[in-house]
Structure formats: C-alpha cells, structure tokens
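Hi,

Here is the model I promised to pass on. Have a look at it first, and my notes come after.

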Amino acid sequence: MTAWDLPLSLEVGGRAYRVNADYRDILDLMVRLNGPEEDERTRLYIALALFYEDMAQMPQEDYGEAVRRMFWFINGGRDEAPARPQPKVIDWEQDGSLIVADVNRVAGCEVRSLQFCHWWTFLAWFQGIGEGQLSTVVSIREKRRRGKKLEAWEREFYQEHREMVDFKKRYTDEEREEQERLKKLLGE
C-alpha cells in the first residue's frame with residue numbers, strides 16, 4: 001500500500017474485509033472508543049462491528065489482528081504508536097465545529113455535504129490546517145497542561161472561551177441519573 005492508495009478493505013487472517021472508510025464512520029467509531037459507558041473490551045468489539053462491514057463472518061481468533069489493522073487505518077496507514085501515551089489535546093467530538101471550519105477552508109468545500117470522503121483524505125486536509133481558532137485552542141490547552149504562562153491575548157481568549165478550551169467531562173448514564181436525582185432532591 002502506498003500513500004496514493006485509499007483502501008476500502010483490509011486483510012485480516014488472510015481474508016479481505018470491507019471497511020466503512022468514510023470520515024464520519026471513523027469519527028463515530030472514535031467517539032464510541034472513548035465513551036465512558038462500556039468497558040474497553042466492549043468498546044473494542046463495538047468499534048470492530050462499526051468498522052468492518054462483514055465482521056459477523058470474522059473468526060474470533062482474528063479479532064486481535066482486526067483491532068491492530070483498524071488502528072493502523074485510523075492512524076492513516078502508519079503502524080507507529082507513541083512510545084508512551086500522549087496527553088489529549090483534541091477531542092474530535094467537542095472540537096467538531098472548529099475542525100469542520102478549518103478542514104472546509106483547507107478542502108475548499110463543505111466536507112459535510114460530500115456523499116463520501118475517505119478518512120485518509122479527511123486526515124490529509126486536517127493535517128493541512130494552519131493557523132486558526134482550532135490551533136489557538138490546542139495551543140492554549142497545551143500551555144495550560146504544561147503550566148506555561150499564557151500571553152495576554154491568550155488569557156483573554158481563554159476567559160472569553162473557557163467552555164471551548166476546557167475539555168468537558170463525560171458522564172455515564174448512571175452518573176447523569178444520579179446528578180438529576182440530586183438536582184431534584186435539592187429543588188433545582
């Protein structure tokens with residue numbers, strides 16, 4: 001496979017399996033992988049079922065390879081994994097509107113109106129994003145994470161857009177129900 005290929009299937013266990021390669025499919029899959037609801041094993045199984053069109057025909061003993069191939073695909077065809085886990089600087093769900101605005105600018109069109117856009121094409125556009133609101137938000141997140149001093153304009157931006165910069169906490173259904181119960185109890 002070369003940088004010029006856009007795979008629509010992956011080989012797992014010696015057999016080719018069609019994949020859902022549209023960027024929306026992959027973004028949905030990543031949201032599911034990061035969801036607080038299920039344990040990691042369940043999240044991976046759901047991700048495989050969303051990614052491979054005919055996963056029902058895949059032998060269970062191939063699931064490990066299928067997961068590795070799925071992450072290879074998500075990483076744009078690269079096997080390399082960071083030596084240690086990297087801190088989160090982007091949330092594909094929370095930052096969606098910022099990402100879309102900048103990707104649209106790079107792509108020169110409204111990407112959400114495209115019938116199909118291969119994940120690797122979307123990734124290439126995403127990697128072509130230069131200066132903009134997303135890069136500002138990511139830069140402020142990174143500086144705050146490292147305890148670095150923000151410039152005056154960054155402090156002002158952060159104060160005005162704190163809800164955009166700070167990562168939102170994701171709650172399980174049980175946690176949300178408990179919050180609602182407490183609100184009712186307190187009369188809020």
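Below is what turned up, going from the hairpin to the rings, the charges and the surface.

Two housekeeping points before that. This is a predicted model, so local features need pLDDT of at least 70 and side-chain atom pairs count only at pLDDT 80 or more, while totals for chains, interfaces and linings use all residues. Residues are numbered from 1 along each chain as its sequence is written, and side-chain values use heavy atoms, with hydrogens and water left out.

**The hairpin**

Helices and strands are DSSP runs numbered from the N terminus (H or I with at least four residues for helices, E with at least two for strands). Strand 1 (residues 9–12) and strand 2 run antiparallel and are joined by four bridges; two strands count as paired if DSSP finds at least two bridges between them. One of the contacts pairs glutamate 11 with alanine 16 in strand 2. The hairpin has two residues between the strands, and glycine 13 takes a positive phi near 60° there.

**Aromatic rings**

Rings of Phe, Tyr and Trp (its six-membered ring) pair if their centres lie within 6.5 Å; planes under 30 degrees apart are stacked, over 60 edge-to-face, and the rest tilted. The count by this rule is 11 aromatic pairs. Tyrosine 17 and tyrosine 52 make an edge-to-face pair, with 6.1 Å centre to centre and 80° between the planes. Tyrosine 17 is in strand 2 (residues 15–18) and tyrosine 52 is in the loop between helix 2 (40–51) and helix 3 (63–74), so the pair ties together parts that are 35 residues apart in sequence.

For accessibility, buried means under 20% relative accessible area, exposed means over 50%, and partly exposed is in between (1.4 Å probe, protein chains only). Tyrosine 17 counts as buried at 1%, and tyrosine 52 is buried at 0%.

Then there is a tilted pair, tryptophan 92 with phenylalanine 126: 4.8 Å between centres and 40° between planes. This pair also links distant parts of the chain, with tryptophan 92 in the loop between helix 3 and helix 4 (96–107) and phenylalanine 126 in helix 5 (residues 119–127), 34 residues apart. Tryptophan 92 is partly exposed at 23% relative accessible area, whereas phenylalanine 126 counts as buried at 16%.

Which residues do ring pairs link into a cluster? They are Tyr17, Phe51, Tyr52, Trp72, Phe73 and Trp120.

**Charges over rings**

Here a charge sits over a ring if NZ of Lys or CZ of Arg is within 6 Å of the ring centre and within 35 degrees of the ring normal. Arginine 69 lies over the face of tryptophan 72, 4.5 Å from the ring centre. Lysine 88 has its charged end over the ring of phenylalanine 167, at 4.6 Å from the centre.

**Salt bridges**

With a side-chain nitrogen of Lys or Arg within 4 Å of a carboxyl oxygen of Asp or Glu as the criterion, the count is 11 salt bridges.

- Arginine 18 bridges to glutamate 53, with the closest N and O atoms 3.5 Å apart. The pair links strand 2 to the loop between helix 2 and helix 3, 35 residues apart. Arginine 18 is partly exposed at 45%, and glutamate 53 is partly exposed at 45%.
- Lysine 88 turns up again here, in a salt bridge with aspartate 91 (2.9 Å, N to O). Lysine 88 is partly exposed at 42%, but aspartate 91 is buried at 4%.
- Aspartate 102 and arginine 105 meet at 3.0 Å, N to O. They are three residues apart in helix 4, which means a separation of about one helical turn. Aspartate 102 is buried at 7%, while arginine 105 counts as partly exposed at 46%.
- Glu142, Arg145 and Arg146 are linked in a salt-bridge network.

If you want a distance to check your numbering against, arginine 105 and leucine 10 are 31 Å apart, C-alpha to C-alpha, and 95 residues apart in sequence.

**Surface patch**

Leu182, Leu185 and Leu186 form a nonpolar surface patch with about 330 Å² of accessible area together. Patch residues have over 30% relative accessible area and no salt bridge, with like charges joined within 9 Å and nonpolar side chains (Val, Leu, Ile, Met, Phe, Trp, Tyr) within 5 Å. Areas come from the Shrake-Rupley method with a 1.4 Å probe, and for residues only the protein chains shown count as cover. Leucine 182 lies in helix 9 (residues 173–186) and is partly exposed, at 37% relative accessible area.

Cheers
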